[in-house]
Amino acid sequence: MEIISKVSLGSRMDQVYIPKNRIGFDIGNYVIIKPLNLEIEKKPLEKIYFYRIKNIVSIKLEIINEVFIIIDKYVQNYENIIITGSFLEEGFHFNDIDVLVLTEDKISLNIISLDVKKKTGINGHILVLSSKALVRGLEADPLYQMMLSRCVAQKRFIYKTKPALNYKLLDLHLFKSKTLLDNFDILNGREKYNLVRNLVAIYLYLNKKKITVESVDGEIKNIFGVNVLKIKDNVLDKKDFIRKYKLIYNKSFNLILRGIEHGSK
Amino acid sequence: MVQNRNKLIELFIGNLFNSIVHEILEKAVSKELVADKYRKELASSFEIARMYREKINPVNRSLSDKDVFYIKNKIVARVKSELMIRISKGYENIDLELVELLTDKALKDVKIS
């Protein structure tokens, strides 16, 4: 791993700044600084783009880098590779690594997932989409917005989308969260959290609020009065939780029905 | 947790009902649907229904005609009622003819009928 950086002027001492999110170069390590011949090497060896990621440990960056190398090996033409989901949360409470590959090509997902598992020890959850499909998802689906609100990408991206409320799609997505009401006792904490997150993201979206991982988790705390960790740990007061869940579910469903009634999509 | 047979049947019905409504709504919006692998991770009602089925005796063969009649009628009625809420608000493309077909298929798949 090499990092190319510029010597900056300081008041008492000059310095070389390096990114906070990096592989290696831990605090306290000794390093060599030497002049670079810019004619030979202009580009840094590695560039990763971070979106709303404050900190990420270097072991995770190494894994991300490995995933990028694997995808690059199997997919000839792709527009971007995006890592998202619980893998990017602090700590190591993830089940898999969510990888979004933007390409028009058909990909053998099993081979890639197996290679990711073999080289990183983590299950690769690979989602393949065309850029057009991603834009459509971002326009109509709050979960897509949340997915890209915190991510790591191989290339810089900007998606300009116009939010389009598609009430039938939202109805379909909301209906999945009904599962929690009938099965509270048998679902584990992670399953409950996924269903609550789906519900609250739709609720916020219907109320034209911004959808990010933070805003959804914050709203879950507001509505249910519990930290999302309590949901993931499956330590909930069933009666109180179900009452609030039903309330938000019904509010969302009524907004959707009103949208359908008024002839929107 | 020990649950009695009637309770298990009701839980089974609730989950199969969810699964069938979802399938019909999915067909109604299929053209607008974007790949949804994210939500495919969500707990699937059909799989939960299957899990409850495995706890309802007899496990390895069909239930009695009386049970099948009760379960099927209850699912069909609930699904139709859920879909009618939407149709009454102007939701188009919902195919009510699928209700019985999908219910029969699902009940066969889980060895209820």
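Start with chain A as a whole: among its contacts with a separation of 6 or more, 67% are between residues 24 or more positions apart. Keep in mind throughout the tour that this is a predicted model.

**Stop 1**

Show chain A as a cartoon and you will find ten helices and seven strands. Along the principal axes, its C-alpha atoms fill a box of roughly 65 × 40 × 40 Å. If you colour by burial, 34% of the 265 residues of chain A count as buried.

**Stop 2**

Zoom in on strand 5 (residues 96-102) of chain A, which runs parallel to strand 6 of chain A and is joined to it by seven bridges. For a landmark on this pair, pick A:Asp98, which has A:His125 of strand 6 of chain A opposite it.

**Stop 2: a loop residue**

Select A:Arg156, which sits in the loop between strand 7 (151-153) and helix 5 of chain A. Is A:Arg156 buried or exposed? A:Arg156 has 9 C-beta neighbours inside 10 Å, so it counts as exposed.

**Stop 3: a covered helix**

For a contrasting view, move to helix 4 of chain A, which is mostly covered, with seven of its eight residues buried. To highlight the buried ones, select A:Pro142, A:Leu143, A:Tyr144, A:Gln145, A:Met146, A:Met147 and A:Leu148.

**Stop 4: two crossing helices**

Show helix 7 and helix 10 of chain A together. How do their axes cross? They come within 10 Å and cross at roughly 45°, which makes helix 7 of chain A oblique to helix 10 of chain A. The crossing of helix 7 and helix 10 of chain A is left-handed.

Helix 7 of chain A brings A:Leu199, A:Val200, A:Ile202, A:Tyr203 and A:Leu206, while helix 10 of chain A brings A:Ile248, A:Tyr249, A:Lys251, A:Ser252 and A:Leu255. Coloured by class, the contact of these two helices shows eight nonpolar, one polar and one charged residues.

**Stop 5: where chain A meets chain B**

Finally, bring chain B into view. The contact takes 29 residues from chain A and 26 residues from chain B. On the chain A side, the elements giving two or more residues are strand 6 (123-129), helix 3 (131-140), helix 4 (142-149), helix 5 (167-176), helix 6 (179-183), helix 7 (189-206) and helix 10 (238-261). Which element gives the largest share? Select helix 5 of chain A, with seven residues. By class, the side of chain A that touches chain B has twelve nonpolar, eight polar and nine charged residues.

Terms used. Residues are numbered from 1 along each chain as its sequence is written. Chains are lettered from A and ligands numbered from 1 in the order in which they are written. This is a predicted model: local features need pLDDT of at least 70, side-chain atom pairs count only at pLDDT 80 or more; totals for chains, interfaces and linings use all residues. Two residues are in contact if their C-beta atoms, placed from the backbone, lie within 7 Å. Helices (H or I, at least four residues) and strands (E, at least two) are DSSP runs, numbered from the N terminus. Ala, Val, Leu, Ile, Met, Phe, Trp, Tyr, Cys and Pro count as nonpolar, Asp, Glu, Lys and Arg as charged, and the others, Gly among them, as polar. Axes are lines fitted to C-alpha atoms, for helices over the stretch in contact, and angles run from 0 to 180 degrees between N-to-C directions. Angles under 35 degrees count as roughly parallel, over 145 as roughly antiparallel, 65 to 115 as roughly perpendicular and the rest as oblique. A crossing is left-handed if the near helix is turned anticlockwise from the far one by less than a right angle, and right-handed if clockwise. A residue is buried if 20 or more other C-beta atoms lie within 10 Å of its own, exposed if 12 or fewer, and partly exposed in between; C-beta atoms are placed from the backbone. Two strands pair if DSSP finds at least two bridges between them.
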